[in-house]
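Q: Could we go through this model together? I would like to begin with the overall fold and then turn to individual residues.

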Amino acid sequence: DLRNVKFISSACAGALVKFALECGEAGGRVVITNPSARVRDTLELLNLNKMITIVEDPMKAVELASAQ
């Protein structure tokens, strides 16, 4: 849940990429919820929305993260 995150640094973006890759290799996925418009724009600008699922509803995030 990223509702209180105002921005993400390049180091954070790199960590998200690494985490998403590791999760994918293990058969999982990364799902985040409630990003601010600024954070969502940054994720989309970096094309991270292609490897990380972004949703608004926390329950939907849990559902997606739990699905195989």
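Q: How many helices and strands are there in the protein chain?
A: The protein chain has three helices and two strands, where helices (H or I, at least four residues) and strands (E, at least two) are DSSP runs numbered from the N terminus. This is a predicted model, in which local features need pLDDT of at least 70, side-chain atom pairs count only at pLDDT 80 or more, and totals for chains, interfaces and linings use all residues. Residues are numbered from 1 along each chain as its sequence is written, and side-chain values use heavy atoms, leaving out hydrogens and water.

Q: In what order do the elements run?
A: From the N terminus on, the order is α-β-α-β-α.

Q: Which residues of the largest nonpolar core touch the most other members?
A: They are Val30, Ile32, Val39, Leu43, Leu48 and Ile52, out of 13 residues in that core. Helix H1 (10-25) and helix H2 (37-45) each supply at least two residues of this core, and H1 gives the most, with four residues. A nonpolar core is a set of buried Ala, Val, Leu, Ile, Met, Phe, Trp, Tyr and Cys residues joined through side-chain atoms within 4.5 Å.

Q: Changing topic, is Thr33 buried or exposed?
A: Thr33, found in strand E1 (residues 31-33), is buried, with a relative accessible area of 5%. Buried means under 20% relative accessible area, exposed over 50%, and partly exposed in between (1.4 Å probe, protein chains only).

Q: What does the side chain of Thr33 reach?
A: The Thr33 side chain reaches the backbone oxygen of Glu56 at 3.0 Å.

Technical notes: Polar contact = N/O pair within 3.5 Å; in protein donor to acceptor, adjacent residues only side chain to side chain.
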